[in-house]
Amino acid sequence: MKSNPSHQDDLVALRRIEGQVRGIQKMIQDRKYCIDILNQIYAVKGALASVEEKILDRHFRHCVTAAVKGNSEKQKQEKLDEILRLINQARRV
């Protein structure tokens, strides 16, 4: 594998999410209605899930595909182990 894929386009979404989190902090400081705060938290979680999905998709299409197409059995096994760890980690969240 020569290089990691670029996730540069995700920075815009992450900056927006960062602003949303600051907005939630302000809502809490301003003692806003609980449901309004929760709705904003759900929006942040959804936005993060979208970024997560895009990065995971790139990982499979670039990193995993390169390892599977390569000649190194060690790299193939490492990628499979990595995917299994990732799935187990996601299940715990």
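Helices are DSSP runs of H or I with at least four residues, and they are numbered from the N terminus. The model used in these exercises is predicted, so local features need pLDDT of at least 70 and side-chain atom pairs count only at pLDDT 80 or more, while totals for chains, interfaces and linings use all residues. Residues are numbered from 1 along each chain as its sequence is written, and side-chain values use heavy atoms, with hydrogens and water left out.

**Exercise 1. Find which residue forms a salt bridge with Arg58 at 2.7 Å, and state which parts the pair ties together.**

Solution. A salt bridge requires a side-chain nitrogen of Lys or Arg within 4 Å of a carboxyl oxygen of Asp or Glu. The partner here is Asp10, whose closest O atom lies 2.7 Å from the closest N atom of Arg58. Because Arg58 lies in helix 2 and Asp10 in helix 1, the pair ties together parts that are 48 residues apart in sequence. Both Arg58 and Asp10 are buried.

**Exercise 2. Describe how helix 1 and helix 2 pack, and say what kinds of residue make the contact.**

Solution. Helix 1 covers residues 10–29 and helix 2 covers residues 34–69, and the two pack at an angle of about 160° with their axes 10 Å apart. Such axes are lines fitted to C-alpha atoms over the stretch in contact, and the angles run from 0 to 180 degrees between N-to-C directions. Angles under 35 degrees count as roughly parallel, over 145 as roughly antiparallel, 65 to 115 as roughly perpendicular and the rest as oblique, and helix 1 and helix 2 are therefore roughly antiparallel to each other. Among the residues that make the contact are Leu14, Ile17 and Val21 of helix 1, together with Ile41, Val44 and Leu48 of helix 2. The residues of this contact divide into 15 nonpolar, two polar and four charged, where Ala, Val, Leu, Ile, Met, Phe, Trp, Tyr, Cys and Pro count as nonpolar, Asp, Glu, Lys and Arg as charged, and the others, Gly among them, as polar.

**Exercise 3. Compare the salt bridges Lys26 to Asp30 and Lys76 to Glu73 by giving their N to O distances and the accessibility of each residue.**

Solution. A search of the whole structure finds eight salt bridges. In one of them the side chains of Lys26 and Asp30 meet at 2.7 Å, N to O; Lys26 is partly exposed at 48%, and Asp30 is partly exposed at 39%. For Lys76 and Glu73, the closest N and O atoms are 3.3 Å apart. These two residues both lie in helix 3 (residues 73–92), three residues apart, which is about one turn of the helix. Lys76 counts as partly exposed at 23%, whereas Glu73 counts as exposed at 55%.

Methods: Contact means heavy atoms within 4.5 Å. Buried means under 20% relative accessible area, exposed over 50%, partly exposed in between (1.4 Å probe, protein chains only).
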